[in-house]
Amino acid sequence: MLPALSASPRSGVLTGWGNAWLAGLVGLDDVITQVHCAFGGEAAPHTLGDEPLVLGLGALRAAGAERLRLVLPAPGDASGLPGPPEVNRDAITAGEAILVLGPNPPLLLVPGVVVHGPALEGRLESVHWRVLRAARVPPSGAGLRAAEHELSDAIRSTTAALLSLDIASARPEVLALLRDRGEEEPGPGLGPGHPPAAHALLARAERLSTLLDLAARDDGAAVTASEIAHRTAALRSLSAAVRRAYEAAYDAFDPAYPPARRRR
């Protein structure tokens with residue numbers, strides 16, 4: 001089964017707006033507002049370490065935090081994780097984490113989610129980021145251009161694989177999402193300080209994460225074990241490229257870049 005990837009990873013929202021706050025581009029209230037908007041409103045409590053999120057972020061800054069880096073690991077792919085092994089395992093289980101650069105040793109924030117209330121009455125999610133000591137600072141990713149190139153290659157190879165298996169006859173919406181670049185709307189998790197290329201890449205990755213969710217629901221038109229393996233391999237390659245695109249978009253933060261114009 002493919003690893004699940006939210007259209008807006010919880011750690012992505014905190015990374016994008018947390019970096020803008022650390023650089024002085026937004027206030028701490030802006031970060032908290034964006035997190036609440038992304039995760040279900042002000043009624044859901046979020047914590048960082050043993051503190052409410054607002055106090056936990058302040059403690060991170062006091063500890064020397066200078067920049068946050070989104071990491072989206074998957075089983076068999078621990079690239080971007082800082083170690084030690086037990087910390088990596090926790091991050092892989094969560095499927096996402098935030099590397100905190102500046103403190104020595106660096107820190108890794110790993111989210112856990114608690115769901116409140118019955119589904120019929122509208123559930124709320126509260127996110128609790130554990131603060132773990134990391135072993136090192138891994139090299140940063142290859143950047144926006146390389147991530148865009150990898151994503152385009154993965155889209156072409158995945159499209160060819162699904163066409164060869166006649167997946168379109170089973171789920172035409174999957175093929176439509178692959179072929180349609182759509183409107184490049186800014187991703188919700190990116191705060192001020194991210195260039196247009198980062199917004200465009202994130203928007204594309206978000207649409208493709210929807211595709212992966214659709215494709216993971218069944219085996220499409222694949223029938224034999226060989227066909228299912230071929231389809232799974234193609235989608236897994238696309239999933240990895242989507243994760244790299246998310247990471248590159250969030251890591252493209254530049255405090256010198258003008259804030260993005262807000263839509264009214």
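The following questions and answers describe a predicted model of a protein chain.

User: How many helices and strands does the protein chain have, and what pattern do they follow along the sequence?
Analyst: In this predicted model, the protein chain has 8 helices and 6 strands. Read along the sequence, these elements follow the pattern α-α-β-β-α-β-α-β-β-β-α-α-α-α.

User: Among contacts between residues at least 6 apart in sequence, what percentage join residues at least 24 apart?
Analyst: The protein chain has 264 residues, of which 45% count as buried. For contacts between residues at least 6 apart in sequence, the share that joins residues at least 24 apart is 71%.

User: Which residues line the largest cavity?
Analyst: The structure holds 1 cavity of 30 Å³ or more, and the volume of the largest cavity is about 30 Å³. Helices α1 (10-22) and α3 (53-62) each supply at least two residues of its lining. The lining consists of Trp 21, Leu 22, Leu 57, Leu 60, Ala 65 and Leu 68.

User: Which residues is Ile 32 in contact with, leaving aside its neighbours within four places in sequence?
Analyst: Ile 32 is found in helix α2 (residues 28-39) and is buried, with a relative accessible area of 16%. Between Ile 32 and Leu 14 there are 8.7 Å in space, C-alpha to C-alpha, although the two are 18 residues apart in sequence. With neighbours within four places in sequence left aside, Ile 32 is in contact with Leu 53, Val 54 and Leu 57.

User: Is Ser 11 buried or exposed?
Analyst: Ser 11 lies in helix α1. Residues up to four places away in sequence not counted, Ser 11 touches Leu 70, Glu 96, Ala 97, Ile 98, Pro 111 and Trp 129. Buried means under 20% relative accessible area, and because the value for Ser 11 is 0%, the residue counts as buried.

User: Which residue has a side chain joined to that of Ser 11 by a polar contact of 3.4 Å?
Analyst: Among the residues that Ser 11 touches are Pro 111 and Trp 129. The polar contact of 3.4 Å joins the side chain of Ser 11 to that of Trp 129.

User: Are Asp 77 and Arg 243 buried or exposed?
Analyst: The cut-off for buried is under 20% relative accessible area. Asp 77 has a relative accessible area of 18% and is therefore buried. Arg 243 stands at 7% relative accessibility, so Arg 243 also counts as buried.

User: Which parts of the chain does the pair Arg 204 and Glu 148 tie together?
Analyst: The side chains of Arg 204 and Glu 148 meet in a salt bridge of 2.3 Å, N to O. Because the two residues lie in separate helices, the pair ties together parts that are 56 residues apart in sequence: helix α7 (residues 196-215), with Arg 204, and helix α5 (residues 144-164), with Glu 148.

User: What is the relative accessibility of Arg 204 and of Glu 148?
Analyst: Arg 204 is buried, with a relative accessible area of 8%. Glu 148 counts as partly exposed, and its relative accessibility is 24%.

User: Why are Arg 244 and Glu 247 separated by about one helical turn?
Analyst: The side chains of Arg 244 and Glu 247 meet in a salt bridge of 3.1 Å, N to O, and both residues are buried. They are separated by about one helical turn because they are 3 residues apart in helix α8.

User: Which residues are linked with Arg 244 in a network of salt bridges?
Analyst: Arg 244 forms a salt bridge with Glu 247, while Asp 77 forms one with Arg 243. The network links Arg 244 with Asp 77, Arg 243 and Glu 247.

User: Which residue has a side chain joined to that of Ser 209 by a polar contact?
Analyst: Ser 209 is found in helix α7 and is buried, with a relative accessible area of 5%. A polar contact of 3.5 Å joins its side chain to that of Tyr 246.

How values were computed
Residues are numbered from 1 along each chain as its sequence is written. This is a predicted model: local features need pLDDT of at least 70, side-chain atom pairs count only at pLDDT 80 or more; totals for chains, interfaces and linings use all residues. Side-chain values use heavy atoms; hydrogens and water are left out. On a 1 Å grid over the protein atoms alone, a cavity is a set of points where a 1.4 Å probe fits but cannot get out, and a pocket is an open set with protein on both sides within 12 Å along at least five of seven lines; lining residues have an atom within 4 Å of a point. Grid points are joined across faces, edges and corners, and a volume is the space filled by probe spheres set on the points. Helices (H or I, at least four residues) and strands (E, at least two) are DSSP runs, numbered from the N terminus. A salt bridge is a side-chain nitrogen of Lys or Arg within 4 Å of a carboxyl oxygen of Asp or Glu. Buried means under 20% relative accessible area, exposed over 50%, partly exposed in between (1.4 Å probe, protein chains only). Contact means heavy atoms within 4.5 Å. A polar contact is a pair of N or O atoms within 3.5 Å; within protein, one must be able to donate a hydrogen and the other to accept it, and residues adjacent in sequence count only if both atoms are side-chain atoms.
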